[in-house]
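Biologist: Before I use any of the terms for this protein, I would like to hear which rule stands behind each of them. Could we go through them one at a time?

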Amino acid sequence: MRGPYDDIISLPHHVSDHRPKMPMLDRAAQFAPFAALNGYTAAIRETERLTGERIELTEEEKGLLNGKLSDALADGQPVSITYFRPDERKAGGAYVTAVGRIKRVDTLNGLVLLVGGPSVPIQEIADIRPVE
């Protein structure tokens, strides 16, 4: 059986005398996927990311939290503080929990400072519970 390329199939591979061989990395780049819309995928992922709404506490709930904060500071025992962290890029945020002993309450800046932990904004605190 004869094929259309039988006359050239056994010839040696041509190597140019005038042009240098292309590096393998550059050869691979020729076949990389093309992204017509740079950043579009990241923008879609950012839009898909969910954020929660801040829960507004009543004056009674704020008073109870104030008492819990005072008790936790006096006891010196570890506590779990749930607070709202606003999202940096879009409306809303998420409730996160920090665990630790309260170092002090900075009323000037409105922060609760935990030993070896984050500073929690007092206005964002939703719940304080003792850790057992």
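Predicted model: local features only at pLDDT ≥ 70, side-chain atom pairs only at ≥ 80, totals over all residues.

Modeller: Residues are numbered from 1 along each chain as its sequence is written, and side-chain values use heavy atoms, with hydrogens and water left out.

Biologist: How do you know how many helices and strands the protein has?

Modeller: Helices are DSSP runs of H or I with at least four residues, and strands are runs of E with at least two, both numbered from the N terminus. By that rule the protein has 3 helices and 6 strands, and their order along the sequence is α-α-α-β-β-β-β-β-β.

Biologist: What radius of gyration does the protein have, and what would a compact globule of 132 residues have?

Modeller: The radius is taken over C-alpha atoms, and the globule rule is 2.2 Å times the number of residues to the power 0.38. For 132 residues this rule gives a value near 14 Å, whereas the protein has 31 Å. The box filled by the C-alpha atoms, taken along the principal axes, is roughly 95 × 35 × 30 Å.

Biologist: Why is Glu124 called buried?

Modeller: Buried means under 20% relative accessible area, exposed means over 50%, and partly exposed lies in between, with a 1.4 Å probe and protein chains only. Glu124 has 16% relative accessibility and therefore counts as buried. In the protein as a whole, buried residues make up 17% of the 132 residues.

Biologist: Where is Glu124 found, and which residues is Glu124 in contact with, leaving aside its neighbours within four places in sequence?

Modeller: Glu124 belongs to the loop between strand S5 (119–121) and strand S6 (125–130). With contact meaning heavy atoms within 4.5 Å, and with those neighbours left aside, Glu124 touches Arg54, Thr82, Tyr83 and Phe84.

Biologist: What makes S1 and S2 a pair, and in which sense do they run?

Modeller: Two strands pair if DSSP finds at least two bridges between them. Strand S1 (residues 79–86) and strand S2 (residues 93–100) have 8 bridges and pair in the antiparallel sense, with Val99 in S2 as the bridge partner of Ser80. Their hairpin has 6 residues between the strands, and Gly92 there takes a positive phi near 95°.

Biologist: How many bridges join S1 and S6?

Modeller: S1 and S6 pair over 5 bridges, in the antiparallel sense, and Val79 stands opposite Pro130 in S6.
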